[in-house]
Amino acid sequence: MFDPSPQRGPQTPNEQLLVGLLITLAASLLALEFAQDFQPAKFSFFFFVFFWFPLLVLHEAAHAAMASVLGWSVDKVVIGIGRPLRSFHIGSIAVEWRLLPLEGFTRCRPTNLELPRVKNALIYLAGPGIEIILAVFILVVVGPNHLLRNSDQVGMIALQTLAVTSCCAGIMNLIPFSVRTPQKTIVNDGLGILLAIITPRHRYIEALRPMIGDSQ
């Protein structure tokens, strides 16, 4: 797993002012739209924003949990992009919160050469997999007749939004693509799964070497 997330956020006063103005403008336009012709269904936008962060945490936690179960070493989990805001440790894992909670990454490496391609693919799959499982769980518990029906109840709207957001996030993460930055090429989970299968064995051996060096 790579360390793809750039660490730069709005740092200068002008950049911070611009970000603040854009957020204020977006919030104002949203409040205006919410006030006009109010319908309970409009709560879904707020639920989408509210659920995105815990789903991101769940996504990265699933990567880390799968890596640990498969015997890989996890040394860092990052939630968000941009400038680091806070860091702490959970056991031996360094956890870092960053400015914008839009995406994250989990950095791990093999500790042995037992089925490294399969294990790497499963680690990549764990993030979107847990999101899709959550959506299916909500569908089963609530029932399709209730979950897929229009509702004016805020609680049901929240569950519908959580299921849709979780399912969409999982599916989108499985569609292979990459993004180039000045530092490196960032691959998403879907492309990571494919690359994990075709990565030459010597690359896994190279990833294992730091661990071997640490134990000496």
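How many residues does helix H5 have, and how far does H5 reach from its first C-alpha to its last?

1. Helix H5 runs over residues 154–174, so to speak 21 residues reaching 30 Å, close to the 30 Å expected at 1.5 Å a residue. That expected span is 1.5 Å times one less than the number of residues. Helices here are DSSP runs (H or I, at least four residues), as are strands (E, at least two), numbered from the N terminus.

2. A quick word on the basis: this is a predicted model, with local features needing pLDDT of at least 70 and side-chain atom pairs counting only at pLDDT 80 or more, while totals for chains, interfaces and linings use all residues. Residues are numbered from 1 along each chain as its sequence is written, and side-chain values use heavy atoms, leaving out hydrogens and water.

3. Buried residues of H5 include Met156, Ile157, Leu162 and Ala169; buried means under 20% relative accessible area, exposed over 50%, partly exposed in between (1.4 Å probe, protein chains only). Among the elements covering them are helices H2 (43–69) and H3 (116–142).

4. On to the rings: the whole structure has 6 aromatic pairs (Phe, Tyr and Trp, using the six-membered ring of Trp, with centres within 6.5 Å; planes under 30 degrees apart are stacked, over 60 edge-to-face, the rest tilted). Phe53 and Trp97 sit 5.5 Å apart by ring centres with planes at 40°, so this pair is tilted. It joins helix H2 to strand S2 (residues 93–109) across 44 residues.

5. Trp97 is partly exposed at 23% relative accessibility, and Phe53 is too, at 33%. Phe88 also forms a tilted pair with Trp97, 6.0 Å centre to centre and 40° between planes.

Terms used
Contact means heavy atoms within 4.5 Å.
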